[in-house]
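Let's take a friendly walk through a protein model, one part at a time. Have the sequence and the 3D view ready, and look up each residue as we reach it.

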Amino acid sequence: MTERLIVIGGGGAGISAATTAKRVNPDLKVSLYTEFEDIAYSPCGIPFVYGGEIPRFEDLFLSTVDRYVSDGLDMRMETVVTDVDLDRGTVTARNQHEGFDKLILATGFVWEKPDVPGANLEGLHYVKNIRKAMEFDKVLETVKTVAVVGATPLGVEMAGNLGQRGLEVHFIDEGPWVLHEVLDPDVAEPVHESLTKRGVTLHLGTAVEAFLGDDHVRAVATSQGEIACDVVIVCLHKVPNTALAEAAGLTVGTTGGLVVDDHMRTGRDGVWAAGDVIEVPHGLTMIPIRGLTGSHAYSQGRTAGANAAGDDRTYDPVWVPWGLVAGEYTIGGFSVGETLADAMGIPYVLAKGVGVSRARYFPGATRTHVKLLAEPGTLKLIGGQVHGGEGVKERCDFLAFAAKRGATLEDFAWMENIYSPPIGALFEPIAIAAQNGLAELRKQAQSPAPASVPA
(Lines give C-alpha, C1' and ligand atoms only; values in the text may rest on other atoms or scores of the structure.)
Protein backbone atom coordinates (compact mmCIF):
# COMPACT_ATOMS: atom_id res chain seq x y z
CA MET A 1 0.00 0.00 0.00
CA THR A 2 1.32 3.45 -0.95
CA GLU A 3 2.43 5.55 2.03
CA ARG A 4 1.35 9.16 2.32
CA LEU A 5 3.51 12.05 3.44
CA ILE A 6 1.85 15.34 4.34
CA VAL A 7 3.96 18.51 4.41
CA ILE A 8 2.45 21.54 6.14
CA GLY A 9 3.95 24.80 4.89
CA GLY A 10 4.81 26.11 1.43
CA GLY A 11 7.93 28.16 2.16
CA GLY A 12 11.51 27.19 1.44
CA ALA A 13 11.57 24.36 3.98
CA GLY A 14 8.20 22.94 2.99
CA ILE A 15 8.66 22.95 -0.77
CA SER A 16 12.20 21.55 -0.57
CA ALA A 17 10.97 18.81 1.80
CA ALA A 18 8.13 17.83 -0.53
CA THR A 19 10.17 17.83 -3.74
CA THR A 20 13.11 15.99 -2.15
CA ALA A 21 10.84 13.31 -0.68
CA LYS A 22 9.22 12.71 -4.07
CA ARG A 23 12.61 12.44 -5.80
CA VAL A 24 13.98 10.02 -3.20
CA ASN A 25 10.86 7.84 -3.24
CA PRO A 26 8.75 8.39 -6.37
CA ASP A 27 6.14 5.92 -5.07
CA LEU A 28 5.44 8.06 -2.01
CA LYS A 29 2.24 10.13 -2.17
CA VAL A 30 3.26 13.64 -1.14
CA SER A 31 0.66 16.28 -0.28
CA LEU A 32 1.67 19.86 0.52
CA TYR A 33 -0.67 22.22 2.37
CA THR A 34 -0.21 25.98 2.32
CA GLU A 35 -2.52 28.78 3.41
CA PHE A 36 -1.30 31.11 0.65
CA GLU A 37 -2.28 31.57 -2.99
CA ASP A 38 1.30 31.46 -4.28
CA ILE A 39 4.33 29.27 -3.87
CA ALA A 40 8.03 29.22 -4.73
CA TYR A 41 8.76 32.93 -4.62
CA SER A 42 11.48 34.83 -2.81
CA PRO A 43 10.16 37.18 -0.11
CA CYS A 44 13.79 38.19 0.50
CA GLY A 45 13.67 40.09 -2.79
CA ILE A 46 10.70 42.28 -1.83
CA PRO A 47 12.80 45.21 -0.45
CA PHE A 48 14.73 45.34 -3.73
CA VAL A 49 11.54 45.62 -5.77
CA TYR A 50 10.50 48.51 -3.54
CA GLY A 51 13.89 50.10 -4.22
CA GLY A 52 13.66 49.59 -7.97
CA GLU A 53 16.71 47.36 -8.30
CA ILE A 54 14.44 44.44 -9.26
CA PRO A 55 11.93 45.69 -11.84
CA ARG A 56 8.86 43.56 -11.07
CA PHE A 57 7.43 41.42 -8.30
CA GLU A 58 6.82 38.73 -10.91
CA ASP A 59 10.60 38.32 -11.18
CA LEU A 60 10.63 36.89 -7.64
CA PHE A 61 8.70 33.77 -8.64
CA LEU A 62 10.93 30.73 -9.03
CA SER A 63 8.39 28.14 -10.14
CA THR A 64 4.65 27.46 -10.47
CA VAL A 65 2.04 25.27 -8.86
CA ASP A 66 1.53 23.51 -12.19
CA ARG A 67 5.20 22.60 -12.29
CA TYR A 68 4.99 20.87 -8.90
CA VAL A 69 1.78 19.10 -9.87
CA SER A 70 3.48 17.81 -13.03
CA ASP A 71 6.30 16.51 -10.81
CA GLY A 72 3.76 14.42 -8.94
CA LEU A 73 2.98 16.54 -5.88
CA ASP A 74 -0.55 16.92 -4.51
CA MET A 75 -0.72 20.70 -4.00
CA ARG A 76 -3.34 21.97 -1.53
CA MET A 77 -3.24 25.73 -2.08
CA GLU A 78 -5.08 28.24 0.15
CA THR A 79 -5.76 25.43 2.57
CA VAL A 80 -5.27 26.06 6.29
CA VAL A 81 -4.55 23.05 8.50
CA THR A 82 -6.43 23.65 11.73
CA ASP A 83 -5.55 20.50 13.66
CA VAL A 84 -2.99 17.70 13.74
CA ASP A 85 -3.81 14.45 15.55
CA LEU A 86 -0.59 12.47 15.87
CA ASP A 87 -2.26 9.51 17.61
CA ARG A 88 -4.75 9.00 14.80
CA GLY A 89 -2.42 10.17 12.05
CA THR A 90 -4.74 12.81 10.65
CA VAL A 91 -4.78 16.49 9.79
CA THR A 92 -7.89 18.64 9.62
CA ALA A 93 -8.38 21.21 6.86
CA ARG A 94 -11.60 22.75 5.61
CA ASN A 95 -13.43 20.58 8.15
CA GLN A 96 -12.15 17.45 6.44
CA HIS A 97 -9.88 14.84 8.04
CA GLU A 98 -7.00 13.49 5.95
CA GLY A 99 -4.81 10.59 7.00
CA PHE A 100 -1.02 10.42 6.80
CA ASP A 101 1.72 7.90 7.45
CA LYS A 102 4.43 10.53 7.80
CA LEU A 103 4.33 14.24 8.53
CA ILE A 104 6.69 17.18 8.04
CA LEU A 105 5.94 20.47 9.81
CA ALA A 106 7.36 23.50 8.01
CA THR A 107 4.98 26.13 9.35
CA GLY A 108 7.61 28.87 9.35
CA PHE A 109 7.33 32.03 11.40
CA VAL A 110 5.20 35.02 12.22
CA TRP A 111 6.64 38.47 12.76
CA GLU A 112 7.02 39.77 16.27
CA LYS A 113 4.56 42.62 16.82
CA PRO A 114 5.41 45.68 18.88
CA ASP A 115 3.92 45.45 22.36
CA VAL A 116 2.89 49.09 22.52
CA PRO A 117 -0.34 51.05 22.13
CA GLY A 118 -1.50 51.57 18.55
CA ALA A 119 0.08 48.40 17.17
CA ASN A 120 -3.24 47.50 15.51
CA LEU A 121 -3.65 50.77 13.61
CA GLU A 122 -3.99 50.75 9.84
CA GLY A 123 -0.76 51.62 8.07
CA LEU A 124 1.53 49.14 9.86
CA HIS A 125 2.97 46.75 7.30
CA TYR A 126 4.77 43.42 7.71
CA VAL A 127 6.86 41.94 4.87
CA LYS A 128 6.04 38.33 4.04
CA ASN A 129 3.17 37.70 1.63
CA ILE A 130 3.98 38.76 -1.93
CA ARG A 131 0.43 39.79 -2.82
CA LYS A 132 0.25 42.09 0.17
CA ALA A 133 3.67 43.42 -0.83
CA MET A 134 2.30 44.24 -4.30
CA GLU A 135 -0.60 46.14 -2.77
CA PHE A 136 1.71 47.99 -0.40
CA ASP A 137 3.89 49.03 -3.34
CA LYS A 138 0.89 50.98 -4.65
CA VAL A 139 0.55 52.63 -1.24
CA LEU A 140 4.21 53.68 -1.37
CA GLU A 141 3.43 55.60 -4.56
CA THR A 142 1.08 57.84 -2.55
CA VAL A 143 3.21 58.59 0.55
CA LYS A 144 6.26 60.67 1.36
CA THR A 145 7.45 59.54 4.79
CA VAL A 146 8.06 55.99 6.05
CA ALA A 147 9.15 54.77 9.48
CA VAL A 148 11.04 51.47 9.54
CA VAL A 149 11.01 49.87 12.99
CA GLY A 150 13.70 47.32 13.82
CA ALA A 151 17.35 47.32 12.66
CA THR A 152 17.27 43.63 11.74
CA PRO A 153 18.65 42.41 8.39
CA LEU A 154 15.24 43.00 6.79
CA GLY A 155 15.04 46.43 8.40
CA VAL A 156 18.46 47.43 7.06
CA GLU A 157 17.56 46.29 3.54
CA MET A 158 14.16 47.93 3.69
CA ALA A 159 15.46 51.28 4.95
CA GLY A 160 18.19 51.41 2.30
CA ASN A 161 15.86 50.54 -0.55
CA LEU A 162 13.13 52.95 0.47
CA GLY A 163 15.76 55.68 0.70
CA GLN A 164 16.88 54.71 -2.80
CA ARG A 165 13.25 55.08 -3.90
CA GLY A 166 13.34 58.70 -2.80
CA LEU A 167 11.15 58.46 0.26
CA GLU A 168 11.88 60.18 3.56
CA VAL A 169 12.88 57.25 5.77
CA HIS A 170 13.17 57.19 9.56
CA PHE A 171 14.97 54.09 10.83
CA ILE A 172 14.19 53.37 14.49
CA ASP A 173 15.84 50.85 16.82
CA GLU A 174 16.63 50.57 20.52
CA GLY A 175 20.15 49.30 19.86
CA PRO A 176 23.23 51.55 19.77
CA TRP A 177 24.00 50.51 16.18
CA VAL A 178 22.25 48.52 13.47
CA LEU A 179 22.23 44.72 13.81
CA HIS A 180 23.73 45.21 17.25
CA GLU A 181 22.95 41.64 18.34
CA VAL A 182 25.41 40.19 15.81
CA LEU A 183 27.35 43.01 14.18
CA ASP A 184 30.45 44.66 15.67
CA PRO A 185 30.33 48.46 15.97
CA ASP A 186 33.35 49.02 13.71
CA VAL A 187 31.56 47.13 10.92
CA ALA A 188 28.31 49.00 11.60
CA GLU A 189 29.96 52.39 11.10
CA PRO A 190 30.23 52.21 7.27
CA VAL A 191 26.69 50.79 7.19
CA HIS A 192 25.42 53.90 8.96
CA GLU A 193 27.31 56.08 6.48
CA SER A 194 25.88 54.23 3.49
CA LEU A 195 22.30 54.43 4.76
CA THR A 196 22.68 58.12 5.54
CA LYS A 197 23.93 58.75 1.99
CA ARG A 198 20.68 57.23 0.75
CA GLY A 199 18.72 59.78 2.78
CA VAL A 200 17.86 57.55 5.73
CA THR A 201 17.59 59.27 9.12
CA LEU A 202 18.89 56.99 11.87
CA HIS A 203 17.16 56.98 15.27
CA LEU A 204 19.36 54.55 17.20
CA GLY A 205 19.14 54.03 20.94
CA THR A 206 15.50 54.99 20.49
CA ALA A 207 12.60 52.97 21.89
CA VAL A 208 9.18 52.85 20.27
CA GLU A 209 6.56 53.76 22.88
CA ALA A 210 3.39 53.91 20.79
CA PHE A 211 1.94 54.32 17.32
CA LEU A 212 -0.25 57.40 17.11
CA GLY A 213 -3.35 58.01 15.05
CA ASP A 214 -7.11 57.59 15.02
CA ASP A 215 -7.72 54.77 12.57
CA HIS A 216 -4.50 55.14 10.56
CA VAL A 217 -1.00 55.69 11.89
CA ARG A 218 0.25 59.29 11.65
CA ALA A 219 3.33 59.18 13.89
CA VAL A 220 5.57 57.00 16.05
CA ALA A 221 5.95 58.05 19.68
CA THR A 222 9.50 57.26 20.78
CA SER A 223 11.77 57.83 23.76
CA GLN A 224 13.28 60.73 21.78
CA GLY A 225 9.98 62.32 20.76
CA GLU A 226 7.36 61.95 18.02
CA ILE A 227 8.32 61.01 14.46
CA ALA A 228 5.65 61.86 11.89
CA CYS A 229 5.08 59.28 9.16
CA ASP A 230 2.54 58.15 6.60
CA VAL A 231 3.16 54.39 7.04
CA VAL A 232 5.27 52.08 9.20
CA ILE A 233 7.13 48.94 8.17
CA VAL A 234 7.73 46.63 11.14
CA CYS A 235 10.92 44.56 10.87
CA LEU A 236 11.32 42.96 14.29
CA HIS A 237 12.29 39.35 15.04
CA LYS A 238 10.88 36.14 13.61
CA VAL A 239 8.75 34.10 16.02
CA PRO A 240 8.42 30.35 15.31
CA ASN A 241 4.90 29.43 14.22
CA THR A 242 4.53 26.48 16.58
CA ALA A 243 0.80 26.69 17.35
CA LEU A 244 -0.15 23.51 15.46
CA ALA A 245 2.86 21.59 16.74
CA GLU A 246 2.33 22.59 20.36
CA ALA A 247 -1.35 21.69 20.19
CA ALA A 248 -0.27 18.29 18.87
CA GLY A 249 2.01 17.79 21.87
CA LEU A 250 5.42 18.30 20.27
CA THR A 251 8.27 19.68 22.37
CA VAL A 252 9.31 23.31 22.15
CA GLY A 253 12.87 24.22 23.11
CA THR A 254 14.45 27.10 24.98
CA THR A 255 14.36 29.45 21.98
CA GLY A 256 10.68 28.87 21.26
CA GLY A 257 11.42 26.64 18.26
CA LEU A 258 10.56 22.95 17.94
CA VAL A 259 13.17 20.49 19.18
CA VAL A 260 14.53 18.20 16.46
CA ASP A 261 17.53 15.90 16.17
CA ASP A 262 20.18 15.88 13.46
CA HIS A 263 17.77 14.09 11.10
CA MET A 264 15.08 16.75 11.61
CA ARG A 265 13.04 14.23 13.62
CA THR A 266 10.77 15.49 16.37
CA GLY A 267 10.07 13.47 19.50
CA ARG A 268 7.29 11.56 17.74
CA ASP A 269 7.95 8.70 15.32
CA GLY A 270 7.16 9.58 11.74
CA VAL A 271 7.14 13.34 12.36
CA TRP A 272 9.85 15.71 11.15
CA ALA A 273 10.12 19.52 11.19
CA ALA A 274 12.24 22.06 9.34
CA GLY A 275 12.77 25.77 8.72
CA ASP A 276 11.94 28.76 10.88
CA VAL A 277 9.71 26.67 13.16
CA ILE A 278 12.68 24.72 14.63
CA GLU A 279 15.82 25.36 16.64
CA VAL A 280 19.23 23.88 15.78
CA PRO A 281 22.59 23.84 17.60
CA HIS A 282 25.28 26.42 16.90
CA GLY A 283 28.46 24.78 15.62
CA LEU A 284 30.78 26.52 18.07
CA THR A 285 28.77 26.63 21.28
CA MET A 286 26.14 23.91 20.61
CA ILE A 287 23.60 26.35 22.07
CA PRO A 288 20.21 26.14 20.30
CA ILE A 289 19.47 29.01 17.90
CA ARG A 290 16.69 29.82 15.45
CA GLY A 291 15.50 32.42 12.93
CA LEU A 292 18.18 31.70 10.33
CA THR A 293 18.20 32.31 6.57
CA GLY A 294 16.27 30.90 3.64
CA SER A 295 19.24 28.75 2.64
CA HIS A 296 19.18 27.11 6.09
CA ALA A 297 15.43 26.46 5.78
CA TYR A 298 15.91 24.93 2.33
CA SER A 299 18.69 22.61 3.53
CA GLN A 300 16.70 21.56 6.59
CA GLY A 301 13.70 20.84 4.37
CA ARG A 302 15.81 18.68 2.07
CA THR A 303 17.12 16.73 5.07
CA ALA A 304 13.63 16.20 6.48
CA GLY A 305 12.18 15.23 3.10
CA ALA A 306 14.94 12.78 2.29
CA ASN A 307 14.65 11.07 5.67
CA ALA A 308 10.86 10.93 5.53
CA ALA A 309 11.24 9.17 2.18
CA GLY A 310 13.55 6.52 3.63
CA ASP A 311 17.00 8.06 3.22
CA ASP A 312 19.51 8.61 6.04
CA ARG A 313 20.72 12.22 6.00
CA THR A 314 22.10 14.32 8.84
CA TYR A 315 22.04 18.07 9.32
CA ASP A 316 25.15 19.39 11.00
CA PRO A 317 25.29 22.11 13.67
CA VAL A 318 25.33 25.50 11.96
CA TRP A 319 28.20 27.99 11.67
CA VAL A 320 25.74 30.55 10.26
CA PRO A 321 27.39 32.32 7.33
CA TRP A 322 25.39 35.48 6.66
CA GLY A 323 25.58 38.60 4.56
CA LEU A 324 23.57 41.50 3.20
CA VAL A 325 23.79 44.74 1.29
CA ALA A 326 23.21 47.78 3.47
CA GLY A 327 22.60 50.75 1.21
CA GLU A 328 25.62 50.51 -1.09
CA TYR A 329 27.78 48.60 1.37
CA THR A 330 28.17 44.82 1.73
CA ILE A 331 28.68 43.18 5.12
CA GLY A 332 28.77 39.60 6.32
CA GLY A 333 30.12 37.20 8.88
CA PHE A 334 29.77 33.78 10.41
CA SER A 335 29.47 32.18 13.85
CA VAL A 336 30.33 35.05 16.21
CA GLY A 337 31.94 38.47 16.10
CA GLU A 338 33.70 40.34 18.89
CA THR A 339 30.50 41.75 20.39
CA LEU A 340 28.73 38.40 20.64
CA ALA A 341 31.86 36.56 21.79
CA ASP A 342 32.39 39.12 24.56
CA ALA A 343 28.73 38.88 25.63
CA MET A 344 28.94 35.09 25.81
CA GLY A 345 32.33 35.01 27.55
CA ILE A 346 34.02 33.20 24.65
CA PRO A 347 37.80 33.80 24.71
CA TYR A 348 39.47 34.64 21.40
CA VAL A 349 42.50 36.12 19.71
CA LEU A 350 41.91 38.65 16.97
CA ALA A 351 43.33 38.86 13.45
CA LYS A 352 42.47 41.81 11.18
CA GLY A 353 43.50 42.85 7.70
CA VAL A 354 42.50 44.90 4.68
CA GLY A 355 42.98 43.82 1.07
CA VAL A 356 41.42 44.51 -2.31
CA SER A 357 38.82 42.58 -4.26
CA ARG A 358 40.74 42.75 -7.57
CA ALA A 359 44.21 43.80 -8.59
CA ARG A 360 44.59 47.29 -7.12
CA TYR A 361 45.07 48.83 -10.58
CA PHE A 362 42.02 47.13 -12.12
CA PRO A 363 38.84 49.26 -12.49
CA GLY A 364 36.23 48.50 -9.87
CA ALA A 365 38.60 47.22 -7.20
CA THR A 366 37.22 47.74 -3.68
CA ARG A 367 38.74 47.44 -0.24
CA THR A 368 37.86 44.26 1.65
CA HIS A 369 38.08 44.26 5.44
CA VAL A 370 38.50 40.91 7.21
CA LYS A 371 38.29 40.24 10.94
CA LEU A 372 38.95 36.71 12.23
CA LEU A 373 38.41 35.34 15.74
CA ALA A 374 40.44 32.28 16.73
CA GLU A 375 40.59 30.03 19.76
CA PRO A 376 43.55 30.87 22.03
CA GLY A 377 46.23 28.20 21.92
CA THR A 378 44.96 26.09 19.02
CA LEU A 379 44.28 29.18 16.83
CA LYS A 380 41.28 27.36 15.32
CA LEU A 381 38.89 29.73 13.61
CA ILE A 382 35.74 30.38 15.66
CA GLY A 383 34.15 33.44 14.04
CA GLY A 384 34.63 36.48 11.89
CA GLN A 385 33.18 39.40 9.96
CA VAL A 386 33.94 40.68 6.46
CA HIS A 387 32.89 43.94 4.88
CA GLY A 388 33.55 46.06 1.81
CA GLY A 389 32.57 45.43 -1.78
CA GLU A 390 32.92 42.29 -3.85
CA GLY A 391 33.37 38.77 -2.52
CA VAL A 392 31.95 39.20 0.98
CA LYS A 393 29.39 36.44 0.54
CA GLU A 394 31.89 33.95 -0.90
CA ARG A 395 34.44 34.62 1.82
CA CYS A 396 31.88 34.17 4.61
CA ASP A 397 30.69 30.89 3.11
CA PHE A 398 34.29 29.69 2.81
CA LEU A 399 35.25 30.76 6.32
CA ALA A 400 32.23 29.08 7.90
CA PHE A 401 33.05 25.82 6.14
CA ALA A 402 36.73 26.11 7.05
CA ALA A 403 35.88 26.73 10.71
CA LYS A 404 33.61 23.70 10.68
CA ARG A 405 36.61 21.65 9.46
CA GLY A 406 38.95 23.02 12.13
CA ALA A 407 41.10 25.38 10.04
CA THR A 408 43.57 27.62 11.91
CA LEU A 409 45.14 31.05 11.46
CA GLU A 410 48.31 29.25 10.34
CA ASP A 411 46.33 27.52 7.59
CA PHE A 412 44.95 30.81 6.32
CA ALA A 413 48.29 32.61 6.53
CA TRP A 414 49.75 30.12 4.06
CA MET A 415 46.64 29.47 1.94
CA GLU A 416 46.55 29.33 -1.85
CA ASN A 417 44.40 31.85 -3.68
CA ILE A 418 43.44 32.82 -7.21
CA TYR A 419 45.30 35.72 -8.77
CA SER A 420 43.62 37.21 -11.83
CA PRO A 421 43.45 41.02 -12.05
CA PRO A 422 39.72 41.24 -12.92
CA ILE A 423 38.56 38.86 -10.16
CA GLY A 424 41.25 38.45 -7.51
CA ALA A 425 44.21 40.33 -6.07
CA LEU A 426 47.65 38.83 -5.58
CA PHE A 427 47.23 38.85 -1.80
CA GLU A 428 44.01 37.36 -0.41
CA PRO A 429 42.48 39.58 2.34
CA ILE A 430 41.82 36.51 4.52
CA ALA A 431 45.51 35.58 4.36
CA ILE A 432 46.51 39.17 5.12
CA ALA A 433 44.33 39.16 8.25
CA ALA A 434 45.74 35.82 9.42
CA GLN A 435 49.32 36.94 8.85
CA ASN A 436 48.70 40.15 10.78
CA GLY A 437 47.16 38.20 13.64
CA LEU A 438 50.08 35.79 13.86
CA ALA A 439 52.55 38.66 13.73
CA GLU A 440 50.77 40.36 16.63
CA LEU A 441 50.83 37.13 18.65
CA ARG A 442 54.59 36.76 18.04
CA LYS A 443 55.11 40.36 19.09
CA GLN A 444 53.19 39.79 22.30
CA ALA A 445 55.17 36.62 23.04
CA GLN A 446 58.48 38.48 22.63
CA SER A 447 57.46 41.39 24.83
CA PRO A 448 58.99 41.19 28.31
CA ALA A 449 56.55 40.58 31.12
CA PRO A 450 55.81 43.70 33.19
CA ALA A 451 57.93 43.99 36.32
CA SER A 452 56.18 43.06 39.52
CA VAL A 453 55.42 45.85 41.94
CA PRO A 454 56.55 45.23 45.55
CA ALA A 455 53.69 45.02 48.01
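## A strand with paired neighbours

G333 has Q385 in β26 as its bridge partner. Two strands pair if DSSP finds at least two bridges between them. Strands of a sheet pair through backbone hydrogen bonds, either parallel or antiparallel.

Before going on, please note that this is a predicted model, in which local features need pLDDT of at least 70 and side-chain atom pairs count only at pLDDT 80 or more, while totals for chains, interfaces and linings use all residues. Residues are numbered from 1 along each chain as its sequence is written, and side-chain values use heavy atoms, with hydrogens and water left out.

β23 also pairs with strand β22 (residues 322-326), in the antiparallel sense over five bridges. Look for A326, which stands opposite Y329 in β23. β22 and β23 form a hairpin with two residues between them, and G327 in the turn has a positive phi of about 70°.

Now find strand β10 (residues 145-149), where five of five residues are buried. Both faces are covered, with T145, A147 and V149 on one side and V146 and V148 on the other.

Which strands pair with β10 in the parallel sense? One is strand β11 (residues 168-173), over five bridges, and another is strand β16 (residues 231-234), over four bridges. V146 is a handy landmark: it stands opposite V169 in β11, and its bridge partner in β16 is V231.

From β10 the chain crosses through helix α5 (residues 153-165) to β11, and this β-α-β crossover is right-handed. That term means that, with the strands pointing away from the viewer, the path from the first strand over the helix to the second runs clockwise.

An open sheet of three strands has the order β4-β5-β6, with antiparallel pairing. Its edge strands are β4 (81-85) and β6 (96-99), each of which pairs on one side only. Neighbouring strands of this sheet are turned by 25° against each other on average, direction ignored; the angles run from 0 to 180 degrees between N-to-C directions, with axes as lines fitted to C-alpha atoms, for helices over the stretch in contact.

Strand β5 (residues 90-93) is joined to β6 by four bridges. Within this pair, T92 stands opposite H97 in β6.

## Spaces inside the protein

How many cavities of 30 Å³ or more does a search of the whole structure find? There are two. On a 1 Å grid over the protein atoms alone, a cavity is a set of points where a 1.4 Å probe fits but cannot get out, while a pocket is an open set with protein on both sides within 12 Å along at least five of seven lines; lining residues have an atom within 4 Å of a point. Grid points are joined across faces, edges and corners, and a volume is the space filled by probe spheres set on the points.

The largest cavity has a volume of about 50 Å³. Helix α8 (294-308) and strand β20 (278-281) each supply at least two residues of its lining, and α8 gives the largest share, three residues. The second largest cavity holds about 40 Å³, and its lining includes G327, the residue from the hairpin turn.

The second largest pocket has a volume of about 350 Å³. Of the 17 residues that line this pocket, the closest to its centre are R395, I418, I423, G424 and E428. Helix α10 (residues 392-404) gives the most to the lining, with three residues.

How values were computed. Buried means under 20% relative accessible area, exposed over 50%, partly exposed in between (1.4 Å probe, protein chains only).
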